[in-house]
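This report covers a two-chain protein model.

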Number of protein chains: 2
Amino acid sequence: MPEGQRKSKQPTIREVAAHAGVSPMTVSRTLSGGVYVRPDVQERVLRAVRELGYHRNEIARSLRPGQSSGLIGVAITNLGNPYYGNFALGVEEVAARHGRRIILGNTGEDPARERQLVSDFIGRQVEGLVLVPSGRSGEHLSSDELGGVPLVLASRSLDGLDADTVLLDDVGGAAGGTRALLDAGHTRIAFLGNARSVFTGERRFEGFVRALAERGLVPDDALVERDQQDVAAAETATRRLLDLDHPPTAIFSANNRNSIGVLHEVARRLRSGAALEAMPALASFDAFELAGLMPVPVTIVDHDPRELGREAARLLLARLGPEPSVEPSRRVEMPVRVVTAT
Amino acid sequence: MPEGQRKSKQPTIREVAAHAGVSPMTVSRTLSGGVYVRPDVQERVLRAVRELGYHRNEIARSLRPGQSSGLIGVAITNLGNPYYGNFALGVEEVAARHGRRIILGNTGEDPARERQLVSDFIGRQVEGLVLVPSGRSGEHLSSDELGGVPLVLASRSLDGLDADTVLLDDVGGAAGGTRALLDAGHTRIAFLGNARSVFTGERRFEGFVRALAERGLVPDDALVERDQQDVAAAETATRRLLDLDHPPTAIFSANNRNSIGVLHEVARRLRSGAALEAMPALASFDAFELAGLMPVPVTIVDHDPRELGREAARLLLARLGPEPSVEPSRRVEMPVRVVTAT
């Protein structure tokens, strides 16, 4: 074929396959993520793709009857938080392995923004949605509203909405972290958490209460601070707690924003000459870097946000394809691991 | 209109506008991100959208002649790193304000994966690409290869590829961090960095050398460790440095992975009874949480990855739209800030 002709029209997948000395199926598999294709063969196919200037027209493909857009809409609350960054990475990883791409939107915990994003995703004919919901209402997420597009909720569920859901074991993890503090001899244990309206905040408080109850204890209202969404607010709340006439000897913190706030306040006091023995022990739901270097013992309730993302994608993919699952909605709780301070 | 009829066909944008008591333009603006629309009006429009079950068909829109897909392809090296999570957040934020969505892919620093992603994005008819390149070669990124789709490189540039690029002031930042150590009286300063093939690693080493040269110093080869991609490798490299007969009294670390490794090794030595005075001071390119709580003084070369993402999106958007810029490629260096340990 003369050079001029090749440039003038898009090469076909058959031409690419012939150029690479493989089957069209192998070209297709390589371009869909390379599952079941040897690395050296992938490299050969990609070289042919480059040399011929081949691009699959995904949109054209999506508009053939019975074909799909190959896009999965992912709406999360804060991409800047490494927890959600890793979550999105897990979704992307599994989606890519099945030839899908993710469209990503950030809701900033704003339910109006979430509604807008979901509407936009549906308009772009996504095959499915993965959502970390911002509010407690799921009225805009019913199957009717979504035109039958499959939905997976992650990290948080919504009352009255029947959808596949993947959660952390929030209750068990919070109970385990609190138990570690009880086992170390603490009985005056404070609770720091985020806004009550956030689903995980409530579940983690439930776990905290449960562990106390096992030892015949109830939470002391003066030691419960539940409205800190950022590090600065957590620092202030810790100051309030440690200034009490009977301060707590330990703190259970329901997320890493609150844990970092506790540690900032502890460091401030140590710099001002406070005795290390007067500082509280800490149990933190969520790991954070350098936890092992802190002046006070830190117990971590650890988990794997990337695996949470992978599981969300797996639940979604089971609902797609030529033979989608029609099983009732599933709710998966991912395990967490309590790493006790030594 | 009877209920049955309304369900049977997609409502038009005019019907939504009439239902909300606004103009079709206001509906369109609200659905494109809400710029120039009052929050209460947005809320009214979104209620009408929900009540009528309206979804814009983005794909249909994209296929009208002269219209576009409204998608921007974003390929980054590691979404799990908060630096890139915040970068993607900045791109998404500015893109959404202009009615675009991002398709996101993770390359894992793998050039073959990057080529695949770019080819896939082009096949999906993205309007533009934002890329943190993995390799040093840009042959798959020429304007011809991309079919004229505009490209912005972020964090790293590529030799011989003429494209809009947004970088950090790597050289100036590394020189500034090193100067802070020199000003504190250190002359035996080690350098820890990532693989030489990574563009930023070379630029930051250049800044380090420059600051030493200003004081008539040259780097001591025994104190330069340039191949650590993760925390564990950085820990090992630090161990090697501190075990030298003449160990460094300070370390300049070219990224936060290396900084965390240094601090783990320092903490390990302190736990084993090493004297605090024998531990090195640290200057770190990249901030990290809890830096202020470390046992040794830590100088931070700070920057704003979210703003880097915003700037990348701005550069790209200037090349899109009805009157795209045809100016020569731009190269923007974002400022960094040296925060000296006190």
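Buried means under 20% relative accessible area, exposed means over 50%, and partly exposed lies in between. The model is predicted. With a relative accessible area of 22%, A:Asp302 is therefore partly exposed. A:Arg337, at 51%, is exposed.

**Charged pairs within a chain**

A:Asp302 and A:Arg337 join their side chains in a salt bridge, 3.4 Å from N to O. The two are 35 residues apart: A:Asp302 sits in strand β10 (residues 298-302) of chain A, and A:Arg337 in strand β12 (residues 337-339) of chain A. This pair links distant parts of the chain.

B:Asp170 pairs with B:Arg203, with the closest N and O atoms 3.1 Å apart. B:Asp170 belongs to helix α8 (residues 170-183) of chain B and B:Arg203 to helix α9 (residues 199-214) of chain B, so the bridge ties together parts 33 residues apart in sequence. Both B:Asp170 and B:Arg203 are buried.

B:Arg215 and B:Asp183 also meet in a salt bridge, at 2.9 Å from N to O. Here the partners are 32 residues apart, with B:Asp183 in helix α8 of chain B and B:Arg215 in the loop between α9 and β7 (224-225) of chain B. B:Arg215 counts as partly exposed at 39% relative accessibility. B:Asp183 counts as exposed at 57%.

| Salt bridge | N to O distance |
|---|---|
| A:Asp302 and A:Arg337 | 3.4 Å |
| B:Asp170 and B:Arg203 | 3.1 Å |
| B:Arg215 and B:Asp183 | 2.9 Å |
| B:Glu289 and A:Arg257 | 2.8 Å |

Over all chains, the whole structure holds 56 salt bridges. In chain A, a network of salt bridges links A:Glu93, A:Arg97, A:Arg306, A:Glu307, A:Arg310, A:Glu311 and A:Arg314.

**The interface**

Each side is counted separately: 65 residues from chain A and 65 residues from chain B take part in the contact. About 5,400 Å² is buried between the chains. Carbon and sulfur atoms give 55% of that area.

Eight salt bridges run between chain A and chain B. One of them joins B:Glu289 to A:Arg257. There are also 16 residue pairs in polar contact across the interface. On the chain A side, the elements giving two or more residues include α3 (24-31), α4 (39-52), β2 (101-106), α7 (111-123) and α11 (256-271) of chain A. Of these, α7(A) gives the most, with ten residues.

**Nonpolar cores**

The largest nonpolar core has 95 residues. Which residues make the most contacts inside it? They are A:Phe252 and B:Phe252. Leaving out residues up to four places away in sequence, A:Phe252 touches A:Phe191, A:Phe208 and A:Phe285, among others. Its other partners include A:Leu181, A:Ile189 and A:Leu192. Another core, of 44 residues, lies apart from the largest one. Among its members are A:Leu192, A:Val262, B:Leu263 and B:Leu290.

Terms used. Residues numbered from 1 in each chain as written. Chains lettered and ligands numbered in written order. Predicted model: local features only at pLDDT ≥ 70, side-chain atom pairs only at ≥ 80, totals over all residues. Heavy atoms only, no water. Core = buried A, V, L, I, M, F, W, Y, C linked by side-chain atoms within 4.5 Å. Buried < 20%, exposed > 50% of the residue type's maximum accessible area, 1.4 Å probe, protein only. Contact = heavy atoms within 4.5 Å. Buried area = accessible area lost by both parts, 1.4 Å probe. Salt bridge = Lys/Arg side-chain N within 4 Å of Asp/Glu carboxyl O. Polar contact = N/O pair within 3.5 Å; in protein donor to acceptor, adjacent residues only side chain to side chain. Helix = DSSP H or I, 4+ residues; strand = E, 2+ residues; numbered from the N terminus.
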